[in-house]
Amino acid sequence: MGETVIFRCRRNSVRAERMDWGMKNRLSRIIKPETGRTVMLAVDHGYFMGPTHKLEEPRKTTEPLLAHSDAIMCTRGVLRTSINPGSTVPIVLRVSGGASIIGESLTNEAITTSVRDAVRLNVAAMALSIFVGSAHEHQTLTNLGKLVNEGEEHGIPVLAVTAVGKELEKRDARYLALACRIAAEIGAHFVKTYYCEDFGKVVKGCPVPLVVAGGPKLETELDAFQLAYDAIQDGAVGVDMGRNIWQSEHPVPMIKAIREIVHGGVTVREAQEVYDRSKNTKEQVILRPSLAR
Ligand code: 5RP
């Protein structure tokens with residue numbers, strides 16, 4: 001009998017048989033088997049940036065967005081203080097840190113949260129940053145190896161974030177393909193990276209699913225829709241977006257429109273229509289009702 005493909009992206013897929021039931025089940029809670037895609041909401045910025053604009057009060061920011069998110073990426077501090085434990089939204093727990101935006105180096109990260117605590121928090125996955133090519137390359141890559149070892153033991157998938165710290169100009173296909181491939185080779189179950197020109201090369205070289213960050217707030221909503229659309233067209237399985245959603249003037253219409261791109265395959269123009277109608281009428285604008293979480 002052939003292998004079951006549970007997650008699809010354009011050029012590669014994850015073969016379910018390689019994983020144990022718990023690992024498969026947790027990943028399926030994040031990357032929805034119905035579409036093979038995901039809209040993750042990133043709200044972990046405070047772990048190195050403090051009270052980021054529009055995320056000063058995490059509960060206020062996240063509460064209206066929970067129902068529209070396939071997963072929430074946050075730290076245990078925000079989870080315990082600001083997310084209702086009655087919520088069924090899967091949690092991708094950020095477990096690395098130890099550096100701040102005003103410190104000497106953003107790349108000097110360690111694992112800050114134990115797998116034991118992640119289990120206690122019933123998370124769907126754990127996330128940590130790697131800084132390939134930085135002074136702390138070795139340390140962050142060995143952090144990843146250790147986390148994957150423990151994740152495998154407990155059936156918890158690991159999301160590697162190919163972080164660049166303050167060097168945003170590093171975000172090109174050559175660098176990101178290298179960083180994503182290394183993350184997958186060390187055993188990350190999925191990888192978060194940036195969208196870039198020639199993103200297909202990054203996808204091609206990475207045998208596990210990729211989600212893209214939004215990065216700093218773009219000038220217009222349309223720019224963010226274009227980024228999500230291009231990433232999906234080029235083979236990402238979804239987005240793990242933060243500022244371009246909750247720093248928008250209309251976060252709920254924004255995430256609804258992003259969902260339509262990721263799960264519904266709508267065009268950028270159609271997404272803009274979803275956004276405009278939703279923001280103007282506050283009506284439930286869902287082109288395909290089956291996509292609502
Ligand atoms: C930082 C992160 C953040 O979660 C990520 O960058 C946030 O998303 P966005 O860039 O869309 O605000 O992983 O390393």
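This note sets out points on the fold, selected elements and the ligand surroundings of a predicted model.

1. Overall architecture. The protein chain contains 12 helices and 12 strands. Of its 293 residues, 50% are buried. Among contacts in the protein chain with a separation of 6 or more, 64% are between residues 24 or more positions apart.

2. Strand β9. This strand spans residues 158-162, and five of its five residues are buried, so β9 is largely enclosed by the rest of the structure. In a regular strand, side chains alternate between the two faces of the sheet. In β9, V158, A160 and T162 lie on one side, with L159 and V161 on the other; both faces are covered.

3. Pairing of β9. The partner described here is strand β8 (residues 125-130), which runs parallel to β9 and is joined to it over five bridges. Within this pairing, A127 stands opposite L159 of β9, and L159 is itself one of the buried residues of that strand.

4. Residue I91. I91 belongs to strand β5, residues 91-94. It counts as buried because 24 C-beta neighbours lie inside 10 Å, where the cut-off for burial is 20 or more. Leaving aside residues up to four places away in sequence, I91 touches A71, I72, C74, L79, L121, V123 and A124. The C-alpha atom of I91 is also 9.5 Å from that of R29, although 62 residues separate the two along the chain.

5. Helix α12: dimensions and buried face. Helix α12 comprises 14 residues, 268-281, and reaches 20 Å from its first C-alpha to its last, close to the 20 Å expected at 1.5 Å a residue. Its buried residues are A271, V274, Y275 and S278. Viewed down the axis of α12, these fall within an arc of 95°, so they line one face of the helix. An α-helix has 3.6 residues a turn, so residues three or four places apart point the same way.

6. On the face turned away from the buried side, α12 carries the exposed residues R269, N280 and T281.

7. Ligand shell. There are 14 residues around the ligand, of which A42, A213, G214, G242 and R243 come nearest. By class, the shell divides into six nonpolar, six polar and two charged residues.

Notes
Residues numbered from 1 in each chain as written. Predicted model: local features only at pLDDT ≥ 70, side-chain atom pairs only at ≥ 80, totals over all residues. Helix = DSSP H or I, 4+ residues; strand = E, 2+ residues; numbered from the N terminus. Expected span 1.5 Å × (residues − 1). Buried ≥ 20, exposed ≤ 12 C-beta atoms within 10 Å, placed from the backbone. Arc of directions from axis to C-beta. Near = placed C-beta within 6 Å. Nonpolar A, V, L, I, M, F, W, Y, C, P; charged D, E, K, R; others polar. Contact = placed C-beta atoms within 7 Å. Pairing = 2+ DSSP bridges.
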